[in-house]
Amino acid sequence: MPDQNNSRAAHLAHLRRQELAKGDPVPLPLTMASMYHLPGSPAGFKQYGRFDNPTWDAVEAMLSHLEEAPALGFPSGMAAISAVFFSLLKAGDRILLPSDGYYTTRLLAERFLKPIGVAADTRPTASFLDGGFDGYRLVFVETPSNPGLDICDITAVSKAAHAAGALVVADNTTMTPYGQRPLDLGADILVAADTKAPNGHSDVLFGHAASRNAEVMAALAEWRRLAGGIPGPFEAWLVHRGLETLDVRFDRMCSSAEILARRFLEHRTVRSVRFPGLENDPAHNLARIQMQRFGFLIALTLGSEAEAEAFIDGCAYIQPATSFGGVHTSAERRARWGDAVAPGFVRLSVGCEPVEELWEAMKASLAGAAG
Ligand SMILES: Cc1ncc(COP(=O)(O)O)c(C=O)c1O
């Protein structure tokens with residue numbers, strides 16, 4: 001049987017071909033429009049820039065192909081998450097979030113859901129099933145979690161949450177559709193920050209939500225249209241371009257991360273390494289079952305804040321930056337944002353550089369950092 005990711009990737013490159021008439025440009029044109037030519041009855045036509053855009057349609061067709069589900073684009077990952085929360089939740093609902101996932105999702109719940117009567121509890125990703133899901137309207141998983149790279153069993157969470165009457169939302173930002181398929185594992189809604197690897201060039205913010213539940217998609221589309229949290233056409237065009245090479249970039253990044261994680265594990269300066277692809281990692285057995293690849297993020301703990309900063313800043317092939325998933329390897333100390341991690345904890349996002357050159361630069365920087 002052909003690898004499904006390969007057949008998805010091959011088809012993706014020719015998705016637009018079906019739409020082309022003789023003489024049309026092969027690459028996607030960028031349509032910047034708030035207005036459409038619209039005499040007479042508007043029904044059935046593109047009407048206004050907040051409702052429709054041909055460049056959105058093209059990028060959403062790609063995302064939908066990759067997710068095997070209808071997909072909607074948003075101006076950032078957080079805009080996609082906000083759309084899910086604000087279109088589906090009402091006063092009196094209770095939701096469950098990961099205590100160790102991307103902190104802004106918890107902050108959004110604390111600052112803007114709580115005041116309108118939506119309560120949020122949190123639980124660590126590694127023990128997400130403990131305690132069950134009774135009483136929750138929505139259960140939100142992020143696996144592997146950012147930044148700790150713990151994972152939870154999406155199939156088991158979905159089964160238990162559905163039995164309790166909850167909707168399951170999975171943030172798939174750290175994995176992309178080529179690395180993990182939450183909707184196939186039972187999640188109802190997928191959200192992702194395409195700001196990261198899907199765009200891949202660190203020049204755009206973008207997000208998407210996808211679901212095979214038509215009611216959910218209708219609610220999200222209506223929310224986007226009325227609230228006005230719409231993506232810019234140029235950003236959509238750039239993400240369209242980025243998605244064309246996601247398969248190759250993701251493959252290189254994950255393969256390099258597998259090699260580098262093993263070398264970090266053996267390096268005397270590195271106190272600990274979390275990477276789901278390492279056989280001794282607590283997440284490994286589950287990762288092998290539920291993920292297609294082990295991802296491109298590595299969590300390293302060095303001896304101190306100073307050592308970690310020196311490693312990052314002293315490496316010619318690491319961009320000291322927040323965010324991840326770009327073609328350039330990047331890293332940061334997550335404690336600087338207040339994440340509950342050690343001062344020497346570094347989230348490393350492995351990019352597309354040739355791996356041996358990357359390792360030589362990292363090894364030199366580790367030696368310098370250890371002093
Ligand atoms: C797991 C995860 N989800 C969502 C987001 C939010 O994405 P954006 O910055 O595009 O709003 C991020 C950003 O870092 C993230 O890491």
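A: The crossing of helices H10 and H11 is right-handed. A crossing is left-handed if the near helix is turned anticlockwise from the far one by less than a right angle, and right-handed if clockwise. Helices (H or I, at least four residues) and strands (E, at least two) are DSSP runs, numbered from the N terminus.

Q: Before we go on, what kind of model is this?
A: This is a predicted model, where local features need pLDDT of at least 70, side-chain atom pairs count only at pLDDT 80 or more, and totals for chains, interfaces and linings use all residues. Residues are numbered from 1 along each chain as its sequence is written, and side-chain values use heavy atoms, with hydrogens and water left out.

Q: Ok, back to H10 and H11. At what angle do they cross?
A: Roughly 145°, and the axes of H10 (residues 305-313) and H11 (residues 355-370) come within 8 Å. Axes are lines fitted to C-alpha atoms, for helices over the stretch in contact, and angles run from 0 to 180 degrees between N-to-C directions.

Q: Which residues make the contact?
A: H10 brings Glu307, Ala310 and Phe311, and H11 brings Met362, Ser365, Leu366, Ala369 and Ala370. Contact means heavy atoms within 4.5 Å. By class there are 6 nonpolar, 1 polar and 1 charged residues. Ala, Val, Leu, Ile, Met, Phe, Trp, Tyr, Cys and Pro count as nonpolar, Asp, Glu, Lys and Arg as charged, and the others, Gly among them, as polar.

Q: And H2, what does its crossing with H7 look like?
A: H2 passes H7 in a left-handed crossing. The axes of H2 and H7 (residues 233-244) come within 8 Å and cross at roughly 35°. The residues in that contact divide into 11 nonpolar, 2 polar and 1 charged.

Q: How do H1 and H2 pack?
A: H1 (residues 4-12) and H2 (residues 54-67) pack at about 165°, with their axes 10 Å apart. That makes H1 roughly antiparallel to H2 (angles under 35 degrees count as roughly parallel, over 145 as roughly antiparallel, 65 to 115 as roughly perpendicular and the rest as oblique). Arg8, His11 and Leu12 of H1 meet Met62, His65 and Leu66 of H2.

Q: New topic. Which residues come nearest to the ligand?
A: Met78, Asn146, Asp171, Thr195 and Lys196, out of 14 residues around the ligand. A residue is near a molecule if one of its heavy atoms lies within 4 Å of it.

Q: How far is the Thr195 side chain from a ligand oxygen?
A: A polar side-chain atom of Thr195 lies 2.6 Å from an oxygen atom of the ligand. For Asn146, an N or O atom in the side chain is 2.8 Å from a ligand oxygen. With Met78, a polar backbone atom is 2.8 Å from an oxygen of the ligand.

Q: Which peptide bond at Asn146 is cis?
A: The one from Asn146 to Pro147, with omega near 15°. Another cis peptide bond joins Thr143 and Pro144, where omega is about -5°. Pro144 lies in the loop between strand E4 (138-142) and helix H5 (154-163), and Pro147 is in the loop between E4 and H5 as well.

Technical notes:
A polar contact is a pair of N or O atoms within 3.5 Å; within protein, one must be able to donate a hydrogen and the other to accept it, and residues adjacent in sequence count only if both atoms are side-chain atoms.
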